[in-house]
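Hi,

Here is the structure I said I would pass on to you. Please open it alongside this message and follow along as you read.

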Amino acid sequence: VGVLQFVPLLNLLAPIYTGLAFIHLSLAELKRARAAA
Amino acid sequence: MKNVIAALTGALRSLLHPKMLAVMMGPMLAALLLWLVAALMFWHGWTQGLADLIQATPAQQWIAQGFLAPASHYLITFVLILLLLPAIYVTALLITSIFAMPMMVTHVAQRDYAQLEYKHGGSTMGSVLNSAGATTAYVAGWIITLPLWLFSPFAIIVPLLLLISINACSVTMPWPSMPVGRNTHASHPLPSVISFCWAS
């Protein structure tokens with residue numbers, strides 16, 4: 001898995017993909033939290 | 001675990017949107033351009049500084065005497081390029097976390113979470129400070145773990161761990177600038193990921 005970081009295209013994708021993953025995770029949490037409140 | 005998989009799947013779906021592809025290219029091109037201009041302006045100073053630094057150690061003599069002798073002339077350029085690559089990547093991450101994240105949050109919120117009420121909270125300054133903190137931690141970790149690069153397993157694992165940490169920290173912490181921020185007066189505790197927020 002470690003060698004994947006040396007693939008240039010993956011390093012290009014990683015910041016945006018990670019950002020989008022956190023946005024989806026957090027918005028889903030927010031949705032759940034507001035529904036529970 | 002289920003929500004993490006759902007988030008990763010949703011992220012993949014969002015990533016393929018043309019707007020996100022444009023956002024993805026922007027910071028990387030800007031960082032590349034920035035460092036290219038800097039390299040054109042300061043290349044001589046950088047190579048001179050690095051040459052002085054390397055000549056102060058036995059490394060250059062050791063390389064010049066060994067089978068790497070033909071490559072010793074290019075050593076400085078090679079080291080400089082090795083240093084520039086993470087610098088370009090970190091700059092792209094900084095640009096992404098400061099400028100692209102608010103756009104990405106708005107895009108995902110409008111497309112996939114349209115039912116969430118739009119609220120205000122946090123500030124861009126908070127995002128900038130959090131990104132600066134994450135970058136400082138990354139650079140410090142990178143410098144501290146440099147000797148580990150001499151041992152093959154660590155040369156693969158250490159940069160990967162550092163990249164994971166900065167990806168997670170720099171894109172998570174700008175969260176307070178999200179346009180659908182949590183209501184300040186809500187009584188329930190902060191959800192796990194949103195608790196990274198330094199503001200409401």
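First, some housekeeping. This is a predicted model, so to speak of local features a pLDDT of at least 70 is needed, side-chain atom pairs count only at pLDDT 80 or more, and totals for chains, interfaces and linings use all residues. Residues are numbered from 1 along each chain as its sequence is written, chains are lettered from A and ligands numbered from 1 in the order in which they are written, and side-chain values use heavy atoms, with hydrogens and water left out.

**The two chains**

Chain A has one helix and zero strands, where helices (H or I, at least four residues) and strands (E, at least two) are DSSP runs numbered from the N terminus. Of its 37 residues, 54% are buried; buried means under 20% relative accessible area, exposed over 50%, and partly exposed in between, with a 1.4 Å probe and protein chains only. The accessible surface of chain A is about 1800 Å², and 76% of that belongs to carbon and sulfur atoms. Such areas come from the Shrake-Rupley method with a 1.4 Å probe, and for residues only the protein chains shown count as cover.

Chain B contains six helices and zero strands, so to follow the elements from the N terminus is to read α-α-α-α-α-α. Among the 200 residues of chain B, 39% are buried.

**The cavity**

Rolling a probe the size of a water molecule over the atoms shows where empty space is left. Across the whole structure, the search turns up one cavity of 30 Å³ or more. A cavity here is a set of points, on a 1 Å grid over the protein atoms alone, where a 1.4 Å probe fits but cannot get out, and lining residues have an atom within 4 Å of a point. Grid points are joined across faces, edges and corners, and the volume is the space filled by probe spheres set on the points. The largest cavity holds about 40 Å³ of space.

Which residues line the largest cavity? They are Leu12(A), Pro15(A), Ile16(A), Val23(B), Met24(B), Pro27(B), Met28(B), Ala92(B) and Thr96(B). At least two lining residues come from each of helix 1 (8-36) of chain A, helix 2 (18-55) of chain B and helix 4 (75-112) of chain B. Helix 2 of chain B gives the largest share, four residues. By type, the lining has eight nonpolar residues, one polar and no charged; Ala, Val, Leu, Ile, Met, Phe, Trp, Tyr, Cys and Pro count as nonpolar, Asp, Glu, Lys and Arg as charged, and the others, Gly among them, as polar.

Thr96(B), one of the lining residues, sits in helix 4 of chain B. Thr96(B) counts as buried because its relative accessibility is 3%. Its side chain reaches the backbone oxygen of Ala92(B) at 2.6 Å.

**The aromatic rings**

How many aromatic pairs are there over all chains? There are two, counting rings of Phe, Tyr and Trp (its six-membered ring) with centres within 6.5 Å; planes under 30 degrees apart are stacked, over 60 edge-to-face and the rest tilted. In one pair, Trp35(B) and Trp46(B), the ring centres are 6.2 Å apart and the planes stand at 45°, so this pair is tilted. The other joins Phe42(B) and Trp46(B), with centres 6.2 Å apart and planes at 35°, so that pair is tilted too. Phe42(B) and Trp46(B) are about one helical turn apart, because they are four residues apart in helix 2 of chain B. Together, ring pairs link Trp35(B), Phe42(B) and Trp46(B) into a cluster.

Leu84(B) belongs to helix 4 of chain B and is buried, at 13% relative accessibility. Leu84(B) and Trp35(B) are 49 residues apart in sequence, while their C-alpha atoms are 7.7 Å apart in space.

Tyr138(B) lies in helix 5 (residues 124-144) of chain B and is buried at 6% relative accessibility. From Tyr138(B) to Pro159(B) is 21 residues in sequence and 9.9 Å in space, C-alpha to C-alpha.

Happy browsing!

Methods: On a 1 Å grid over the protein atoms alone, a cavity is a set of points where a 1.4 Å probe fits but cannot get out, and a pocket is an open set with protein on both sides within 12 Å along at least five of seven lines; lining residues have an atom within 4 Å of a point. A polar contact is a pair of N or O atoms within 3.5 Å; within protein, one must be able to donate a hydrogen and the other to accept it, and residues adjacent in sequence count only if both atoms are side-chain atoms.
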